[in-house]
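Here are my notes on this model, written as numbered points. Have the coordinates open while you read.

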Amino acid sequence: VLKHYEGYIAALSTRTMYDEAGSPHPWVDEELRRRLETKLIITVMTFNVA
């Protein structure tokens, strides 16, 4: 499941940083990425198929 949503999670956790010259640089916020992955895992594990 994580592999399937890997690109989506990376897109959600992408942030823009600006250097001293004001140039934008995208980067993946690893802490946010891990939190999103954890929430996905918890949701999948608590999903009730009845």
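**Notes on the model**

1. Let's start with Tyr5: its relative accessible area is 36%, so the residue counts as partly exposed (the class between buried, under 20%, and exposed, over 50%, with a 1.4 Å probe and protein chains only). Tyr5 sits in the segment before helix H1 (6–12).

2. A word on ground rules: this is a predicted model, where local features need pLDDT of at least 70, side-chain atom pairs count only at pLDDT 80 or more, and totals for chains, interfaces and linings use all residues. Residues are numbered from 1 along each chain as its sequence is written, and side-chain values use heavy atoms, leaving out hydrogens and water.

3. The protein chain has two helices and two strands, in the order α-β-β-α from the N terminus. These are DSSP runs numbered from the N terminus: helices are H or I with at least four residues, strands are E with at least two.

4. Strands E1 (residues 14–18) and E2 (residues 24–28) run antiparallel and are joined by five bridges; pairing takes at least two DSSP bridges. Thr14 faces Val28 of E2. Five residues lie between the strands of this hairpin, and Gly22 has a positive phi near 90°.

5. Overall shape deserves a look. The C-alpha trace spans about 55 × 15 × 10 Å along its principal axes.

6. Burial: of the 50 residues in the protein chain, 10% are buried.
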